[in-house]
Amino acid sequence: GLTALLKQEEWASLVEGYLEEVAPHCRFLGRVGERLPEFLKTKSNLPYGQICEELASLDWAYLDVFDEEDAPPLDAEKLLSVPADCWPQVKLVVNPALRILELEYPSADFRRQLLQEGFQNTLPEPIAPYFLVIYRRQGKLWDKSLSRPAGIFLQRLQQGDELAVACQNVVEQCPEAEQSLEDQLSEWMQLWGTLEWIVDLKYELER
C-alpha cells in the first residue's frame with residue numbers, strides 16, 4: 001500500500017533512509033520492515049503524512065498476522081464450565097494471529113484501492129478515530145472496524161486484563177458506553193468467538 005502511494009522513486013529514497021538509520025534486529029529478511037511505522041513517525045517531511053504512517057502500520061500488520069502461529073478454536077465446553085462467580089476474573093485469550101490498529105483514515109479501503117487502481121491523486125478524508133482489527137481466519141487475511149468501546153475492550157483483553165478490569169477501562173475511556181456495555185458484551189463475545197478472535201480462557205477458582 002505504501003509503495004503504491006509513494007511510487008518507486010520516493011519509496012526507494014524512504015527505504016534507503018530507513019535502512020541507514022534503523023539497524024536490523026533479526027536475521028530473517030521478512031522482518032526488516034518491522035520498525036518502519038515507528039521510523040515514519042519521526043519524519044516531519046513525510047509525503048502525505050499521517051496516511052503514510054497508517055498505511056505502513058497496516059502493511060506491517062498484514063505481514064505480521066500472516067506469519068503468526070495458528071491457534072485452536074475456543075472450546076465451547078470450557079466456556080460452559082466457568083462458575084458464574086468467576087466470570088469477572090476470567091482472562092479471555094486473544095488469537096495470536098490478530099492485531100489492533102487505531103486509525104483516523106479509511107486506510108484499509110484506500111490500500112485496496114491503491115493495489116487495484118494505483119494512486120489516482122485523491123486522498124481519503126479522515127474520519128472519527130476508530131479501531132481496525134487485522135486477523136487471519138481459514139488461511140486468509142481479513143480486516144474489520146470496531147467501535148471505540150469494542151476496540152478498547154479487545155485491546156485490554158489482548159494485554160491480559162481480566163474481564164472486570166477490561167470493562168472498567170472501557171467505562172473510564174468511554175463513559176457514554178456504560179449503560180449499554182452489558183448488552184454489548186454478549187454481542188461481542190458471540191461475534192468474536194465465531195471469528196476466532198477469542199481462542200481460550202483462563203481463570204482461578206481460588207483467589
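Tutor: Let's begin with C52, which counts as buried because its relative accessibility is 0%, where the limit for that word is under 20%. C174 is in no disulfide, and the nearest cysteine sulfur, which belongs to C167, is 12 Å away. For background, a disulfide is a covalent bond that joins the sulfur atoms of two cysteines. Please keep in mind that this is a predicted model.

The largest pocket has a volume of about 380 Å³. It is lined by 17 residues, and P37, K41, S57, W60 and L101 are the closest to its centre. If you want to find this lining on the chain, look at α2 (36–40), α3 (50–67) and β2 (98–103), the elements that each give two or more residues to it. The largest share, 7 residues, comes from α3. By class, the lining of this largest pocket holds 9 charged, 6 nonpolar and 2 polar residues.

The second largest pocket has about 250 Å³ of space. Here, too, you can look for 17 lining residues, of which W11, G33, L36, D59 and L63 are the closest to the centre. The elements that give two or more residues to this second lining are α1 (2–21), α2 and α3. With 6 residues, α1 gives the most. Sorted by class, the second largest pocket is lined by 12 nonpolar, 4 polar and 1 charged residues.

Next, the aromatic rings. A pair of such rings is described by how far apart the centres are and by the angle of the planes. This structure holds 8 aromatic pairs. One of them joins F110 and F119: the centres are 6.4 Å apart, the planes are at 85°, and the pair is edge-to-face. Elsewhere in your view, look for Y135, F153, W188, W192 and W197, which ring pairs link into a cluster.

Finally, let's turn to the backbone. Most residues other than glycine have a negative phi. With that in mind, look at K7, where phi is positive, near 70°. You will find K7 in helix α1, and that helix is also the element that gives the most residues to the lining of the second largest pocket. K7 counts as partly exposed because its relative accessible area is 45%, a value between the limits of 20% and 50%. N121 also has a positive phi, near 65°. Its place is the loop between α5 (107–117) and β3 (130–137). N121 is exposed, because its relative accessibility is 67% and that class begins over 50%.

Terms used
Residues numbered from 1 in each chain as written. Predicted model: local features only at pLDDT ≥ 70, side-chain atom pairs only at ≥ 80, totals over all residues. Heavy atoms only, no water. 1 Å grid on protein atoms, 1.4 Å probe; cavity = no way out; pocket = protein on both sides within 12 Å on 5 of 7 lines; lining within 4 Å. Points joined across faces, edges and corners; volume = space filled by probe spheres on them. Helix = DSSP H or I, 4+ residues; strand = E, 2+ residues; numbered from the N terminus. Nonpolar A, V, L, I, M, F, W, Y, C, P; charged D, E, K, R; others polar. Buried < 20%, exposed > 50% of the residue type's maximum accessible area, 1.4 Å probe, protein only. Disulfide = S-S within 2.5 Å. Phe/Tyr/Trp six-rings, centres within 6.5 Å; stacked < 30°, edge-to-face > 60°.
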